[in-house]
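Keep the viewer open as you read.

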Amino acid sequence: MNTLVWFRSDLRVHDNPALHHGLNRDETDENSVAALYIICDEYIKTHPVGPRKLWFTREALLNLQESLADAAIRLDIIRVKKSADISQALLKHCLHHEIDQVNCNAEYPWDELQRDRAARDLCEENNIKFKRYHDRCLIPPGALTTKQGDPYRVFTPFSKAWRQLIDQTFLTVYPKPSRKQSLKVDPETIVNKFSGLSLSEVDDDHWAPSEETALAQLGEFCEAGIEDYHERRDFPAEPGTSCLSPYLSLGLISPKQCFIAAANSVSGHWAEDPGVNTWITELIWREFYMHVAVAFPQVCKHKPMQAYTDKVSWRRDNKVFDAWCEGRTGIPIVDAAMRQLNNTGWMHNRLRMITAMFLSKNLGIDWRWGERYFMEQLVDGEFCANNGGWQWSASTGTDAAPYFRIMNPINQAERFDPKGEFIRRYIPELADVTGKNIYSGEGAKGYRNPIVDVKQSRNEAIERFASVNKKESEQ
Ligand SMILES: Cc1cc2nc3c(=O)[nH]c(=O)nc-3n(C[C@H](O)[C@H](O)[C@H](O)COP(=O)(O)OP(=O)(O)OC[C@H]3O[C@@H](n4cnc5c(N)ncnc54)[C@H](O)[C@@H]3O)c2cc1C
């Protein structure tokens, strides 16, 4: 028996079902296990995978190569040009190495599901078994439905059902493979495969792309940060959140490891502790958007969840969009947030909501432009969470903010950056501004005037939505 573990967004050896079941296929030593990762140029361009996430991926693969080598598992890397070439490349590799079973962990967006269907069909036609496991969600898509058997469209009832089911679920963390005589590794085989791709190093202590760092960070957060997470998580100037998103996005850590660590950090039931409960609610949001992507695949095809919002007339103005991208809108909290994204590859959740709402509502720009820009910049870019967050902010998605509830970025800054600390950190032009002007940028030398009038543009956004909403209800 020769088993191949096809790694994708699960770049870890701990708690990896595809790897664990591959290694435990047979009690005897007859089963040999090898690993594979496939890089696809077209996929990187079209989804897109930004330079920081690509750098993070390469570094994580180098780390994975060593961890696998300790268990005498070789990691091969293949690079293909087109998405359609992936299944053929996989088959060729399997035939060459006499593989009789491919194991992988599921990815849920539409393109990834189609890729896996094609790979499975081709493998099975050639008598190679294809096994798919679930590791990206604690409760896999499809396992939760309403009483009528429909997928959930709204978060709160989904979360209630998720909580009930998780309490009845026995969770096991799969151990990392046992040590064997270590293989010699050659990092160049990985580095060379990334040549010609645009990579950008992420210079932040939080994000050293290894499983060990991810686990250590989870441990520290559960020991010291989770307790008052519910009180601090909305203030971008504070280190109030876990910063685990790059690790979760590429699977250097599993949501199950996160859930168990959080739940075990308190003596009573996790839901009774406000910090732990709030943090686990964020993990449930993460799962909700993955369930949504499977149940409503139109969201994976550049379509809004709520069809009527496709008729909203979005602005396609490159000059205005560039000003937003570059943090030059004249609205301090928006500009500081965009500069945080451009400088670090990460943005605080409250700021993702503020900037996304500002782009899609006040500036009236097509939310898909912003969705793509985030994916290009983020080190934690993940389709389901990003699309879900954008559609929520643009009021086009499931559980969307009603279109008339539009965050005022100046009030948001006053509430969530009360001392203007975050704004000053990223906008040197405002360093000397005092009092309430820090939220509006008024009177600051060298800082531009607002690109739009916040109140007027809010009314125009409501009008844009109301007109199509009205037409829809008249039909
Ligand atoms: C417009 C927009 C775009 C976003 N794009 C992404 C993205 O590309 N990748 C991504 O991982 N998250 C995205 N998010 C969700 C969220 O902003 C980040 O997950 C969070 O800021 C990461 O920081 P953290 O790890 O410190 O989170 P914590 O607050 O510590 O939360 C723990 C984990 O829960 C998950 N999570 C938290 N909030 C959300 C949420 N609202 N939706 C889904 N999952 C959540 C993340 O995996 C996160 O790491 C987006 C949100 C919005 C509004």
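Buried means under 20% relative accessible area, exposed means over 50%, and partly exposed is in between, using a 1.4 Å probe and protein chains only. Helices (H or I, at least four residues) and strands (E, at least two) are DSSP runs, numbered from the N terminus.

Before going further, a word on the model: it is predicted, local features need pLDDT of at least 70, side-chain atom pairs count only at pLDDT 80 or more, and totals for chains, interfaces and linings use all residues. Residues are numbered from 1 along each chain as its sequence is written, and side-chain values use heavy atoms, with hydrogens and water left out.

Leaving aside neighbours within four places in sequence, W162 is in contact (heavy atoms within 4.5 Å) with L138, I139, L144, F259, W270, I280, I284 and E287. As background, nonpolar side chains tend to be buried together in soluble globular proteins.

C123 is among the buried residues of helix 5, along with E112, L113, R115, D116, A119 and L122. Helix 5 spans residues 110–125, 16 residues in total, and reaches 23 Å from its first C-alpha to its last, close to the 22 Å expected at 1.5 Å a residue. That expected span is 1.5 Å times one less than the number of residues. The buried residues of helix 5 pack against strand 1 (2–7), helix 2 (41–46), helix 4 (86–96), strand 4 (101–105), strand 5 (129–133) and helix 12. Just after helix 5, N127 takes a positive phi of about 60°.

C104 belongs to strand 4, where both faces are covered: Q101, N103 and N105 on one side, and V102 and C104 on the other, are all buried. In a regular strand the side chains alternate between the two faces of the sheet. Which way do strand 1 and strand 4 pair? They pair in the parallel sense, over four bridges; two strands count as paired if DSSP finds at least two bridges between them. L4 stands opposite V102 in strand 4. Strand 4 also runs parallel to strand 5, joined by five bridges, and C104 has R132 of strand 5 as its bridge partner.

Now turn to helix 8. Its 15 residues (211–225) should span 21 Å at 1.5 Å a residue, and the end C-alpha atoms are 20 Å apart, which agrees. E211, A214, Q217, L218, F221, C222 and G225 are its buried residues. They lie on the same side of helix 8, because they cover an arc of only 130° around the axis; the arc is that of the directions from the helix axis to the C-beta atoms. An α-helix has 3.6 residues a turn, so residues three or four places apart point the same way. On the other side of helix 8, E220, E223 and A224 are exposed. The cover over the buried residues of helix 8 includes helix 3 (51–70), helix 9 (229–232), helix 10 (245–250), helix 11 (255–264) and helix 12 (274–295).

The loop between helix 9 and helix 10 holds R233, which is partly exposed at a relative accessible area of 22%. Beyond neighbours within four places in sequence, R233 is in contact with G240, T241, T278, E282 and H348. T278 sits in helix 12 and counts as buried, at 17% relative accessibility.

Finally, look at D15, in the loop between strand 1 and helix 1 (17–23). D15 is buried, with a relative accessible area of 1%, and its phi is near 45°, a positive value in a residue other than glycine.
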